[in-house]
Each structure stands twice: as C-alpha cells, then as structure tokens.
Amino acid sequence: MIQEKTYRPVLYDCIKRSSTTISEDVLMAFDQAIARETSDRAREGLKHTYESIKMAKERQNPACPDTGWPLFYFKVGNECTLEGGLLSLEKAARDAVIQATKEGYLRSTMKHPLTGADPGNNIGENIPHFTYKFTEGDELEIMYAAKGGGSECFGGTRHHVVAFADGIQGIEKFIIEAYIDASRAGAICSPNILGIGIGGTADIAADLAKQAASLRSIGSHHPDPQFRKIEEDLYQAINALGVGCMGVGGDTSVFAVHVEYAYTHIAGICVAISSNCMVARRAASRILSDQSVVTIKNPQWFEGGR
Amino acid sequence: MATWHVQTPLDESTVRKMNIGDVVYISGLVFTCRSRLQRWIFDEKQIMPKQYQNFNVLIHAGPIIVEEENKYRLVSFMPTSSLRFEKWGADSIEQWNLRMIVGKTTMGDDTLRKMVEKGCVHVSPQSVSPNLWIDSIEIIGVELKEELGSIEAPWILKCTELGPFVVDMDSKGNNLFDTIDDTVELNRQNAFSMLGIDEEFKPTKLYGVKRKTE
C-alpha cells in the first residue's frame, strides 16, 4: 500500500517543480529554436525567456507568474492501493495547492467566475481539477500541469465541428485559422506546444487536446502513422506562418504539434485545439508500492496505453 | 528604431515622439492594474485612492508577492494580456492621465484613438522573462488589497531600467502587430498549399447556416 506520508510530499514537489523547473524536452526545444531563428527580435525574446527559465531553477521561483489552473493527472495502477483511498489523495492534493500558493510557487489565480472573489489559495468549486487514467501494475504516477491563462483564454484553446465530407483538409484548415486568430501579438505566448484532439464528443476532444499539449514530451510522435503525418505536416505549416516568439514575427511558432484521437459519430468530427505556452509548466513523479519515489524528467501520460 | 530610457512621470512631448518598434526601458514609479480594479472604479463607481494621481505609467500585471515578516517580497512579475481590458482602455487613459500602458497582446481601436487624442503609447514584452525583471523592481506599497485580493490590487512599484519593452501602439495611430498580420496573411496561403488545401476549398458549415435573404 502506498502510504499517505509518501504521496503527500510528492504532490507538493510536483507543483513546486512544475513552477520552478521546466522539463528537459522544453529546454532542448529552446536550444534548437534559438539556433535556427533568423529574426533578431524573436531570437532575443527566446534567449531572454530561456535565461529567465534557467534562473527560475537556480532561484527556485516561478518561471512565469501566471501559474493558471491547477490540474492534477493521476495514472493509477489497477493493483495500486492507497492509504485513505483516492479521496485522501485528493485532499492531500488540495493541501499541497494551498501550501504552494502560500509560499509563492503558485499565484492565487483561481477566483469566483462571476464576482472575481479571491479565496487566496486556489481552492474552489471544481478546482483543483483531477483526471484519472487506469493502467496495469501497482504504481501511482502523479502529474501536475499549471495551465497558464494566456494560452487558454485568447483562442489557443477552442473547438469546432468539421464535416466528415471535408476530411483532413477541413480539420487542418480549422487548425491553421484558429492558430492565426489566437497567436496574434503574443496572446498565447508562442512558440507553443499545440495539442489537438480529433473525434469523440466536444469534451473528449478538448480533454485529449489538453493532455496532448501538457502531458506529451516534445519530440514524441503518435504511434499511428496517419496521425503522426498530421502532426508533422501541421508542424511545418504553422512554422511557415511566421508568427514567431510572442507574435513578433519569426521562424518558430510551435515547438511541437501533438495529435490524439477518439472514435466518433461521423455526423460531425469534433476537432479541439489546446495550446501550451512556451514556458510549459508540468512535472511528474512515480511512486512504487515499496514507497520509493522516481522523479520523471518529461511527462509520460500516454506511455503504456492511450 | 530608437531606444528610450525614460523616467516617470512621462511627459506628453516625449511620448509623442515614440514610434512603433522603438525599445523602452522604464525607471521611476508605476502602478499595476487588472480587471477587478477597473471594474471597481469604472463599473462599480468606487473612488481611486488619491496617491495614484501621481503615476502615469500603468502595467497590466498580476505579480506574485509574498508577505514575510510584514515585508513584501516580489516573487515573480510578467506583464499580462491587455486585450481583455479594452472595455476600460479609453476611460483609463482619460481619467488616470496615462502616458504609457505596459502589457502583452496589444489593444483595440477605442484605446488607440484615445492614445492619439491624449498622447499615450502601449508597450509590450517580447519574452516571458520574469527573472530578468524582478531585480529591477522595488515594491513601494499597495491599496485596496483587502477589497480586490493580492494580484488584482494596484501595486505601486519603483522600477530601475525595467525592460526591454517594444512600442506596439504609438500616439500616431500605428500598431506594430498590424505589420505582422500582413506577413502572416501572406503566409496563410503558403501554409494551406503545404497541406494540400485548395484555395477554392470551402468548409461545409454544420451550424450557423442561415437562409439567404434577398
């Protein structure tokens, strides 16, 4: 059984790490983008951001003050048992959010949607949010994504229903136009990790898009060649738009395009996009049944089954 | 393109000389602002505390500030999206006598018209680099913190060479991002042809289809 005294500090550590320590795949994407950027202004923007990210790790402070929505993703082994059960895990997660907010690793961003009232601790109706996936084995994998507001609120995350008759052309045209609308003037803090969900109901597609944006490593590919091709084609096409770092014009607008899909009713194919900002905040750890904890460098939500 | 090292409060003649693409570093006192402050003042008709009359540079930002032993510590700072404050942009310039707004995403036509009329510019960061900025900022004070919460309250900050920011809206009515829009517009068709999408391709509309009215 995984004990509460084991998972409690891991929840807190994932939040803190997401905020202060940007994953290696993202750092590599910065290196590559800086090396190939031909616009002086965009290169300077990338360099400054990269420098600030590295300082965040040294100083152990947030890489970006907008720590956004607190989102937990739990990959739970079928044989995994938790002291106090899942409700206790969720209670511990809320406590970790409160502590991380108090200490300044999270900003008190979550407020009442109508009044704007600020509880001061990022806790409220349906927040933090929990998503579960069940897998083989007896381990628990904890992932935390801090989903920034820029890439969420200004069109970087939306959905549209495409006619089956329009096929891949219809899907890709929507994505290109949605990306152009959203990325103007740095609204979604480009270069982005662009997640795309194809199929399912609107909420299934949006969920897949969010997971693809936040929980897949840059450089990973969808195992199905049809979807991998969409990823590669869109990566090339979006980077040909010239949006660049913070929308100032440049060669890299997306670090990666990740596609996930679900079977669907072909009366209408739901397509959702979800953008992660260049300062992509996420962190993961795995807890084994013997209470040992493994820190995971890059998120592995989709490894071991889609 | 000029580089400006400005001291607040800013005067109209300096601001009127700035052009889109110019780089700006700010020194002196400024204040932060987000939606709850503007709703509080402009919609709920509350009174802006008097000392804010002294500041004419506004930064759209919700900093992370931790209170430790009765002292405030700035943990992180990044100009936030200005687009969402468009409703209050013109009123803010008029009533708060603003000469400069710092934020990302640029702003809309109503704000731009007021900038031309009054002499004000909008400047934006070209990076997300809070750690390059926080050492240039000293916290002076805050009001309305109880009413609005820590991140929505107007923090008074003393800046030393805070920047670089780029002028994206000038008081001549130009917007830097309009020029980027033109480039992206030219590239759109190229992106479509890379994907094999015909110029003639018209997506089937599954909703929002209206009967033609003659």
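**View 1. The contact between chain A and chain B.** In this predicted model, 56 residues of chain A are in contact with 44 residues of chain B. Four elements of chain A, namely α3 (40–59), β4 (158–162), α6 (167–183) and α8 (225–239), each supply at least two residues of the side that touches chain B. Helix α3(A) gives the most to this side, with ten residues. By residue type, the side of chain A that touches chain B divides into 25 nonpolar, 19 polar and twelve charged residues.

**View 2. Helix α3 of chain A.** This helix has 20 residues. From its first C-alpha to its last, α3(A) reaches 28 Å, close to the 28 Å expected at 1.5 Å a residue. Among the buried residues of α3(A) are Ala42(A), Arg43(A), Leu46(A), His48(A), Tyr50(A) and Ile53(A). Gly45(A), Thr49(A), Ser52(A) and Ala56(A) are also buried residues of α3(A). The buried residues of this helix pack against α1 (4–20) and α2 (24–36) of chain A, and also against α5 (130–133) of chain B. After α3(A) comes Gln60(A), whose phi is positive, near 55°.

**View 3. The five-stranded sheet of chain A.** The strands of this open sheet stand in the order β2-β1-β3-β8-β9 (chain A), and their pairing is mixed. Strands β2 (129–135) and β9 (293–296) of chain A are at the edges and have a single partner strand each, so one side of each is left without a neighbour in the sheet. On average, neighbouring strands of this sheet are turned by 20° against each other, direction ignored.

**View 4. Strands β8 and β9 of chain A, with helix α1.** Strand β8(A), residues 281–287, pairs with β9(A) in the antiparallel sense over four bridges. One pair of bridge partners is Ser285(A) and Thr295(A), the latter in β9(A). Helix α1(A) lies across β3 (140–147), β8 and β9 of chain A. The helix runs at about 155° to β8(A).

**View 5. The four-stranded sheet of chain A.** Four strands form an open sheet with mixed pairing, in the order β4-β7-β5-β6 (chain A). Its edge strands are β4 and β6 (254–261) of chain A, each of which pairs on one side only. Strand β4(A) also supplies at least two residues of the side of chain A that touches chain B. Neighbouring strands of this sheet are turned by 20° against each other on average, direction ignored.

**View 6. Strands β5 and β7 of chain A, with helix α6.** Strand β5(A), residues 192–198, and strand β7(A), residues 269–276, run antiparallel and are joined by six bridges. Leu194(A) has Ser275(A), in β7(A), as its bridge partner. Helix α6(A) lies across β4, β5 and β7 of chain A, running at about 35° to β7(A). Like strand β4(A), helix α6(A) supplies at least two residues of the side of chain A that touches chain B.

**View 7. Chain B.** Chain B has seven helices and nine strands. Along its principal axes, the C-alpha trace of this chain spans about 65 × 40 × 35 Å. Of the 214 residues of chain B, 47% count as buried. Among the contacts in chain B with a separation of 6 or more, 64% are between residues 24 or more positions apart.

Conventions
Residues are numbered from 1 along each chain as its sequence is written. Chains are lettered from A and ligands numbered from 1 in the order in which they are written. This is a predicted model: local features need pLDDT of at least 70, side-chain atom pairs count only at pLDDT 80 or more; totals for chains, interfaces and linings use all residues. Two residues are in contact if their C-beta atoms, placed from the backbone, lie within 7 Å. Ala, Val, Leu, Ile, Met, Phe, Trp, Tyr, Cys and Pro count as nonpolar, Asp, Glu, Lys and Arg as charged, and the others, Gly among them, as polar. A residue is buried if 20 or more other C-beta atoms lie within 10 Å of its own, exposed if 12 or fewer, and partly exposed in between; C-beta atoms are placed from the backbone. The expected span of a helix is 1.5 Å times one less than its number of residues. Two strands pair if DSSP finds at least two bridges between them. Axes are lines fitted to C-alpha atoms, for helices over the stretch in contact, and angles run from 0 to 180 degrees between N-to-C directions.
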